[in-house]
Amino acid sequence: MFKRFGIAVVVVAIFFGLALVPQVEAGYGHVFKTGDGKWDGNVKTTSTYNMAEVVLYNLKPNVKASTLKVRLCSRSTGNCTNYKTVGDFEGAYLVSFSYLKPATYDVDVAYTGSGSVSGKLDAIAGREIQKN
């Protein structure tokens, strides 16, 4: 699991030209199922750790990344981000959210195909730093 996270972080850092410094407390291994009406995980951001990444893995059935969308909803305000389509970066299904307000966010995963998808997700709060 940590190898997959490490690959995802390196790929994102290269792709966006930034490095992610993960927060100490992160949500690893949340089990989710799309379309069940339940939140699929959560992540807490702070003024320092204002970026969140959601990594999806162990998906059943195996689907294309482009058929999955993720949004974050603030527990305190009920406001949600727009859905973002998941990207496939070397086998890791990943989506990033930047410049979030400090809050605890519930993660909502949606599948655009027929039926549902289940699996696990890691929701990680971090901060972006410029590469030297």
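**Ground rules**

I'm working with a predicted model, so I kept its cut-offs in mind: local features need pLDDT of at least 70, side-chain atom pairs count only at pLDDT 80 or more, and totals for chains, interfaces and linings use all residues. Residues are numbered from 1 along each chain as its sequence is written, and side-chain values use heavy atoms, with hydrogens and water left out.

**Entry: strand β8**

Helices (H or I, at least four residues) and strands (E, at least two) are DSSP runs, numbered from the N terminus. For me, buried is under 20% relative accessible area, exposed is over 50%, and partly exposed is in between (1.4 Å probe, protein chains only).

Next I checked the two faces. Ala 92, Leu 94 and Ser 96 point one way, while Tyr 93, Val 95 and Phe 97 point the other way, and all are buried.

Then I looked up the partners, where a pair of strands needs at least two DSSP bridges between them. β4 (residues 51–60) runs antiparallel to β8, with five bridges, and I found Val 55 opposite Leu 94. β7 (residues 87–89) is also antiparallel to β8, joined by three bridges. There, Gly 87 has Leu 94 as its bridge partner. The β7–β8 hairpin has two residues between the strands, and I noted a positive phi near 55° at Glu 90.

**Entry: the disulfide**

Cys 73 and Cys 80 make it, S to S 2.0 Å. The link is right-handed, with 110° about the S-S bond. How exposed are its ends? Cys 73 is buried at 3% relative accessible area, whereas Cys 80 is partly exposed at 36%.

**Entry: salt bridges**

In one, the closest N and O atoms of Arg 71 and Asp 108 are 2.9 Å apart. That pair links distant parts of the chain, Arg 71 in β5 (residues 68–74) and Asp 108 in β9 (residues 103–111), 37 residues apart. Arg 71 is partly exposed at 23%; Asp 108 is buried at 13%.

Arg 75 pairs with Asp 106 at 3.0 Å between the closest N and O atoms. Arg 75 sits in the loop between β5 and β6 (84–85) and Asp 106 in β9, so the pair ties together parts 31 residues apart in sequence. I logged Asp 106 as buried, at 8% relative accessibility.

How values were computed. A disulfide is a pair of cysteine sulfur atoms within 2.5 Å. A salt bridge is a side-chain nitrogen of Lys or Arg within 4 Å of a carboxyl oxygen of Asp or Glu.
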